[in-house]
Amino acid sequence: MARRVELKGIANALNESFVSRNNDFKGFWTIGQLKLLAINNNLSTMVFPLTPPKSDPHCNLRHYVVLHYAAMLVHLLRKQLIPDFWISEASITIDFNVNAEHEHLNECSTSGEPFKCHCQIIDDTGRSYSSVVYGRCHVHSSVKELKSIRKLAV
């Protein structure tokens, strides 16, 4: 029998996948590309609601992130036998303007500037389940980065 507390694990899984080096868009790390997009648009924070957009499909980075992680959320809910109606809201937020006091929370990475990724799921009772991951990244540069040879996402 499914329990709402399992939503915490789903938030963790979504967040860990989001910051993973395996999260590619067109062969390059998504986080670095999001940082470049944020800089180009004078943003420090980007929010991705995990509900599929109602507009026509585009092949841009923001659309890919929303579609990919909305589908992953549905997959994880079904895998845990959690009904869709238990979810009233879900989102992933990435913040590139991280307070220096939190930089030590990701000691594995020493290169790049810090970021914070927050995944939040709110259930139908209003309870919030969230996960926070800190990391570091450089701005995307196709000149400096190697393109992934894995199957590329569109």
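**Close-up views of a predicted model**

**View 1. The pairing of strand 4 with strand 5, seen at D95.** The bridge partner of D95 is K116, a residue of strand 5. In this predicted model, strand 4 and strand 5 (residues 113-123) pair in the antiparallel sense, and eight bridges make up that pairing. Strands of a sheet pair through backbone hydrogen bonds, in either a parallel or an antiparallel manner.

View 2. T93 has its place in strand 4, which covers residues 87-95. With a relative accessibility of 19%, T93 counts as buried, because the cut-off for a buried residue is under 20% relative accessible area. When neighbours within four places in sequence are left aside, T93 is in contact with T45, M46 and V47, and also with K116, C117 and H118.

View 3. Four strands, in the order 3-4-5-6, form an open sheet with antiparallel pairing. The edges are taken by strand 3 (45-49) and strand 6 (128-137), each of which has a single partner strand, so one side of each is left without a neighbour in the sheet. On average, and with direction ignored, neighbouring strands of this sheet are turned by 15° against each other.

**View 4. Helix 3 against the sheet, with L73 as the residue of interest.** Helix 3 lies across strand 3, strand 4 and strand 5, and its course makes an angle of about 50° with strand 3. L73 belongs to this helix, which spans residues 61-79, and L73 is buried, its relative accessible area being 4%. Once neighbours within four places in sequence are set aside, the residues in contact with L73 are I10, L14, L50, A90 and I121. Although 59 residues separate L73 from L14 in sequence, their C-alpha atoms are 7.2 Å apart in space.

**View 5. Helix 1 and its buried side.** Helix 1, made up of the 14 residues 6-19, reaches 21 Å from its first C-alpha to its last, which is close to the 20 Å expected at 1.5 Å a residue. Its buried residues are L7, I10, A11, L14, N15, F18 and V19. These residues cover an arc of only 155° around the axis, which puts them on the same side of helix 1.

Terms used: Residues are numbered from 1 along each chain as its sequence is written. This is a predicted model: local features need pLDDT of at least 70, side-chain atom pairs count only at pLDDT 80 or more; totals for chains, interfaces and linings use all residues. Side-chain values use heavy atoms; hydrogens and water are left out. Helices (H or I, at least four residues) and strands (E, at least two) are DSSP runs, numbered from the N terminus. The expected span of a helix is 1.5 Å times one less than its number of residues. Buried means under 20% relative accessible area, exposed over 50%, partly exposed in between (1.4 Å probe, protein chains only). The arc is that of the directions from the helix axis to the C-beta atoms. Contact means heavy atoms within 4.5 Å. Two strands pair if DSSP finds at least two bridges between them. Axes are lines fitted to C-alpha atoms, for helices over the stretch in contact, and angles run from 0 to 180 degrees between N-to-C directions.
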